[in-house]
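Subject: A structure for you to explore

Hi there,

Here is the structure I promised to pass on to you. Please open it beside this email and follow along as you read.

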Amino acid sequence: MKRVRLSYPYIFVWMPIFIVAPMLFVLYYATFRNGSFTLDYVKQVFTTSNYLPALWTSIWIALVTTAVCLILGYPVAYILSTMKKRTAALVSLLFIMPMWMNMLLRTFAWKIVLDKGGVFASITEFLTGQPSQILYTPAAVLIATIYDFLPFMILPLYTTLMKMDKSHVEAARDLGATGVQTFTKVILPLSVPGIISGITMVFVPAMSTFAVSRMLGGGKVKMIGEVIERKIMEQNDPAIGSTLSILLIILVLISMAIMNKVDKENSSTGGTLW
Amino acid sequence: MKKFVSLILAAAMLMALAAFIPALTACDSSKTINLLNWGEYLDPELKTEFKKRTGITVNEKPVTSNEEMLQLLEADDCPYDLCIPSDYAVQRLIKGGKLAEINYDNIPNIKNIDKKYIDITNGFDPGNKHSVPYTWGVLGVLYNTTMVDEADLGSWDLLWNEKYKGEILMYDSIRDAMAAALSRKGYSLNTVNEAEINEAANDLIADPSLYQAWVTDEVKEIMIGGGAAIALVYSGDAVWMMDPEEGNTDLEFYVPKEGSNIYFDNFVIPVNSKKNELAEQFINFLLDPEVAAQNTEYIFYSTPNTEVPALLGEFLSECSAFNIPAEDVANCEIYKDLGEDIKLYNTAWDMVLAKR
């Protein structure tokens with residue numbers, strides 16, 4: 001009983017003030033005008049073509065980021081899981097280390113690397129004879145989001161693969177499965193929980209990325225987070241901003257539901273986040 | 001347990017004390033005025049000088065936007081005695097009855113302010129009853145002389161010139177970007193004609209690849225580093241970027257012939273202040289020619305003070321962004337507070353944001 005009481009400050013003070021109340025405000029701003037219920041704002045979001053493009057941009061940037069992180073991250077996680085524990089700990093420290101630094105600083109570093117006269121331009125000039133500037137393009141935003149979120153893909157994958165019972169792999173090889181067969185029939189299915197939590201941890205925050213597109217997109221790569229911020233802060237119009245926020249929340253919920261479903265159908269190991 | 005409680009009490013008392021100290025120094029002394037100002041917008045040496053001459057201490061609190069100033073000034077328990085908001089904010093504060101009338105008997109140096117600027121500021125403060133102009137600036141075009149041909153200069157068209165595709169920086173601010181597009185077509189910057197607003201917005205997205213990026217403060221580092229050829233900027237920022245010490249001497253500035261926006265930042269005294277006379281003394285001090293010149297050399301913004309130009313150093317007296325020709329100023333318009341009509345701009349701007 002006493003221990004339950006320890007959670008009261010969180011449940012009765014923190015949650016109502018910082019989680020429930022703000023959500024209610026958002027819902028109110030999105031569906032009420034001058035005190036009466038309206039769906040005009042929702043209609044406005046879907047009928048004008050001013051807001052949906054930013055949503056599509058967010059979705060495709062999140063999808064590509066997730067896919068690239070998975071393709072890059074899976075082999076790394078697998079190799080890590082086959083290493084000796086101490087070596088693996090040391091190597092994974094290298095992945096985590098950049099995360100000790102604030103994300104804004106990392107993004108700022110990318111700005112310098114990708115800018116005219118930056119490292120990237122020098123490399124492309126060396127390779128093709130023509131310096132290319134990709135700062136202020138979707139490619140620049142993608143590079144930074146992939147860089148930022150890759151550790152969030154590798155770590156859950158590594159944890160799942162490490163916990164996997166290696167005797168399954170040995171049994172498959174003993175019974176005559178080829179390397180490819182062992183991977184597709186045994187290792188891959190067993191690592192689904194890690195893949196799922198990796199995807200969730202990359203896709204969801206990537207979709208609502210805000211600072212990266214603002215700093216590297218040059219105002220030309222519009223993601224939904226920036227549109228929300230502008231509607232509320234620049235134009236003092238919380239109605240559309242709130243409607244878009246709710247839309248974003250719904251999208252996140254849908255993607256979580258899909259992940260959960262895939263997870264349940266596939267996993268018998270009962271692995272969860274990390 | 002007792003020790004713990006007493007520790008907590010001690011901490012609470014310390015915190016209460018800490019909260020009181022700035023309040024004490026800010027409000028209690030009768031020889032102190034509280035100034036709400038933009039950051040880096042007053043030479044700090046002048047505060048020391050003012051204290052030496054009059055014994056009055058000036059407490060400065062920096063803000064970053066007119067919106068922030070408005071919020072602080074519109075509060076009922078506003079503790080400030082002097083503030084420097086821009087034209088449209090002054091207009092709104094007057095409408096809300098938040099400003100005290102200024103007693104010009106205490107400001108003899110008002111004679112140093114050029115009559116032609118008073119005529120403009122009358123547009124947002126009829127009779128200048130509530131405000132005294134401090135600095136002004138004009139929206140215009142900054143360009144790099146090593147990258148732009150002289151024949152292309154003079155008009156807003158430079159921001160739409162295909163020759164400089166990818167070398168142009170736009171100012172990522174709703175009224176300012178729209179101002180360039182509107183005055184290029186000969187429309188008023190304060191138009192509430194929907195067709196004109198939409199035409200201007202469509203011009204801004206006619207060819208998105210023209211613009212390297214839409215920026216605000218980043219414009220400084222990019223232009224100084226030669227990363228772009230052309231940028232839409234305010235004259236005050238332009239002077240800063242053209243400064244031979246920290247900027248780039250290849251940069252030049254002009255006000256397009258079609259006209260542009262002119263803004264004024266103005267001294268105002270909040271209606272709740274009880275130290276009007278001290279505040280007026282400080283305004284008078286800052287309008288003194290020597291003092292104004294020293295301040296101008298520090299902040300780099302154009303001044304309406306007629307006595308200052310003769311006292312300035314070489315850079316400012318020759319800088320094209322500091323010495324805006326009178327005929328260009330006459331061609332400029334101030335922004336008006338559009339009230340509800342700003343929604344027309346917001347809708348058009350949403351389209352620009354989605355397609356640029």
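Before we start, one term: a residue counts as buried if 20 or more other C-beta atoms lie within 10 Å of its own. Please also keep in mind that this is a predicted model.

How many of the residues of β9(B) are buried? The count is 7 of the 7, so the strand is largely enclosed by the rest of the structure. In a regular strand, side chains alternate between the two faces of the sheet. For β9(B), one side carries Ile262(B), Phe264(B), Asn266(B) and Val268(B), while Tyr263(B), Asp265(B) and Phe267(B) are on the other, and both faces are covered. Strand β4 of chain B (residues 131–144) pairs with β9(B) in the antiparallel sense, over 7 bridges.

Next, have a look at helix α7 of chain B (residues 194–204). Which of its residues are buried? They are Ile197(B), Ala200(B), Ala201(B) and Leu204(B). Looking down the axis of α7(B), you will find these buried residues within an arc of 100 degrees, so they line one face of the helix. The spacing is worth a thought: an α-helix has 3.6 residues a turn, so residues three or four places apart point the same way. The cover over the buried residues of α7(B) includes α6 (174–184) and α14 of chain B.

Helix α14(B) turns up again where the two chains meet. The contact between them takes 14 residues from chain B and 15 residues from chain A. On the chain B side, the elements giving two or more residues are β6 (211–215) and α14 (342–355). Of these, α14(B) gives the most, with 5 residues. By class, that side of chain B has 8 nonpolar, 3 polar and 3 charged residues.

Now for the domains. Chain B is assigned a domain 1 (2–134 + 263–318) and a domain 2 (137–262 + 324–355). Their C-alpha centres lie 29 Å apart. Where they touch, 12 residues come from domain 1 of chain B and 14 residues from domain 2 of chain B. Helix α4 of chain B (residues 87–95) supplies the largest share of the domain 1 side, 4 residues. That side has 7 nonpolar, 3 polar and 2 charged residues.

Chain A, with 14 helices and 2 strands, is also divided, into domain 1 (1–38) and domain 2 (49–266). Between the centres of these two domains there are 31 Å, taken over C-alpha atoms. Their contact takes 4 residues from domain 1 of chain A and 6 residues from domain 2 of chain A. On the domain 1 side, the classes are 4 nonpolar, no polar and no charged residues. Of the 274 residues of chain A, 32% count as buried.

Finally, a word on confidence. The model scores ipTM 0.82 and pTM 0.82. Chain B has a mean pLDDT of 90, and 92% of its residues reach 70 or more. One stretch to treat with care is residues 22–28 of chain B, where pLDDT stays under 50. Where pLDDT is low, the predicted coordinates should not be read in detail.

Happy exploring!

Methods: Residues are numbered from 1 along each chain as its sequence is written. Chains are lettered from A and ligands numbered from 1 in the order in which they are written. This is a predicted model: local features need pLDDT of at least 70, side-chain atom pairs count only at pLDDT 80 or more; totals for chains, interfaces and linings use all residues. A residue is buried if 20 or more other C-beta atoms lie within 10 Å of its own, exposed if 12 or fewer, and partly exposed in between; C-beta atoms are placed from the backbone. Domain bounds come from an automatic or database domain assignment. Two residues are in contact if their C-beta atoms, placed from the backbone, lie within 7 Å. Ala, Val, Leu, Ile, Met, Phe, Trp, Tyr, Cys and Pro count as nonpolar, Asp, Glu, Lys and Arg as charged, and the others, Gly among them, as polar. pLDDT is the predictor's confidence in each residue, from 0 to 100. The arc is that of the directions from the helix axis to the C-beta atoms. Two strands pair if DSSP finds at least two bridges between them.
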